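Please read it alongside the sequence and the model.

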Amino acid sequence: MVREASLRTAPGFIRRFAGLAGGYWSGRGRWSVRSLAAALLALTVAQVSVPVMMNLWSQRLFDALEQRAMDRLPVMAAAAGGILLYNIAVTVAHLWVRRRLQFGWRAWLTRRLVGDWVSDGREQALPSRPGDHDNPDGRIAEDVRVVTELAVDLGHSLTYCLLLLVSFAGILWRLSGVVPIAIGGVSVPVPGHLLILALAFAAAGTTAALAVARPLVGAAERRQGLEADFRFGLARVRENASVIARQRGEAVERGRMALLFDGVRRGWERQTGALVRVMAFGASYSVLSAVFPILVVAPRYAAGAITLGVMMQTAQAFQQAVAALSWPIDNLATVAQWTASVERVRGLKEALDGITPLPPVKADAPDFRSDGGTTARKR
């Protein structure tokens with residue numbers, strides 16, 4: 001049965017995921033892994049500094065344009081070039097560290113599952129056990145990759161958005177100043193009104209997006225299961241090709257493959273419908289988040305309270321804060337794919353853990369003779 005998204009992100013789910021894959025961070029090579037994680041965090045902080053620098057650069061550029069100060073343009077161009085080179089270096093280093101961390105985690109979890117699966121007769125006993133553990137080869141090859149890669153990607157993007165929010169919340173608070181609002185004939189000074197508007201705008205958008213995209217989690221899990229069934233069916237045909245040919249069972253196998261692929265089609269169409277709703281909402285939300293801050297700040301510029309540079313800086317800071325707060329909206333599909341794969345890998349691990357190992361087989365040890373032959377050693 002498909003669980004709701006709220007259950008997927010509950011602390012219980014996080015604990016189960018940690019029990020499945022958390023050993024990578026505390027195992028024998030934990031210091032190397034933690035060093036990579038620390039480097040990734042430092043590079044994420046460096047990534048956040050780029051939009052902050054660009055925000056300040058934008059303010060100075062538009063102020064220079066408003067004042068017709070063309071002598072400042074060479075300096076601004078040089079500053080932009082420096083930011084560009086810095087961003088390239090940070091991006092390349094971040095990519096290298098992130099991918100090394102991802103593949104190391106995948107290799108660790110793959111070795112663990114393959115070791116549990118192909119040992120003590122579990123590979124033979126697994127198909128007869130009840131539960132959600134079909135297609136162990138597909139779960140190890142594909143779902144383990146998704147689990148580890150997306151865990152790092154989601155962790156990085158969430159950290160990036162939190163740091164981005166903290167950085168631009170401070171900028172918005174400073175640029176907001178204190179705006180008097182008349183309530184019942186009384187003027188009440190309100191500090192940080194732009195930050196309050198950004199929080200309210202993002203909260204409304206996130207709430208609406210979660211309502212729109214709730215079916216996406218179930219659709220993603222269902223499709224992954226159907227795709228795995230189809231892959232397993234194809235693998236079964238390959239492994240039993242000689243038997244199928246000898247018994248002239250090609251027509252039966254083609255019909256079975258057609259039924260399995262029809263399931264893939266239904267899963268694809270169901271996920272497409274859910275994605276259409278999410279994408280339509282996302283497209284509308286992105287346009288509103290770009291227009292809304294300019295409309296809010298424009299009256300202060302028209303009144304001469306702020307410069308053109310400050311207006312553009314404020315609008316960009318608003319957009320960055322809203323973008324950071326929109327992490328749940330932007331990552332709904334990714335979280336759905338990740339949680340579905342986590343459940344598939346967990347189902348396999350639990351099934352393997354529940355199998356009683358077969359007793360060791362006592363085989364005759366070979367006795368190598370001097371003439372190059374072998375004989376079985378007598379017991």
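Which residues does Phe62 touch, not counting residues up to four places away in sequence? In this predicted model, Phe62 touches Leu308, Gly309 and Met312.

**Phe62**
- Phe62 is part of helix α3.
- With a relative accessible area of 24%, Phe62 is partly exposed, because buried means under 20% and exposed over 50%.
- Ala303 is 241 residues from Phe62 in sequence, and the two are 18 Å apart in space, C-alpha to C-alpha.

**Helices α3 and α6**
- Helix α3 spans residues 30-66 and helix α6 residues 136-176; their axes come within 9 Å and cross at roughly 40°.
- The two helices, α3 and α6, are therefore oblique to each other.
- The crossing in which α3 passes α6 is right-handed.
- On the α3 side, the contact is made by Leu40, Leu41, Thr44, Val45, Gln47, Val48, Pro51, Val52 and Asn55; on the α6 side, by Val152, His156, Thr159, Tyr160, Leu163, Leu164, Ser167, Phe168 and Ile171.
- Of the residues in this contact of α3 with α6, 12 are nonpolar, six are polar and none is charged.

**Nonpolar cores**
- The largest nonpolar core has 66 residues, and those with the most contacts inside it are Phe17, Leu101, Trp105, Val147, Phe168, Leu172 and Trp338.
- Helix α6 gives the most to this core, with 16 residues.
- Not counting residues up to four places away in sequence, Val147 touches Phe17, Leu109, Trp338, Ser341, Val342 and Val345.
- Another core, of five residues, lies apart from the largest one; Trp57, Leu61, Met76 and Ile83 are among them.

Note on methods:
Residues numbered from 1 in each chain as written. Predicted model: local features only at pLDDT ≥ 70, side-chain atom pairs only at ≥ 80, totals over all residues. Heavy atoms only, no water. Axes fitted to C-alpha atoms, helices over the stretch in contact; angles between N-to-C directions. Helix = DSSP H or I, 4+ residues; strand = E, 2+ residues; numbered from the N terminus. Parallel < 35°, antiparallel > 145°, perpendicular 65-115°, else oblique. Left-handed = near helix turned anticlockwise from the far one by under 90°. Contact = heavy atoms within 4.5 Å. Nonpolar A, V, L, I, M, F, W, Y, C, P; charged D, E, K, R; others polar. Core = buried A, V, L, I, M, F, W, Y, C linked by side-chain atoms within 4.5 Å. Buried < 20%, exposed > 50% of the residue type's maximum accessible area, 1.4 Å probe, protein only.
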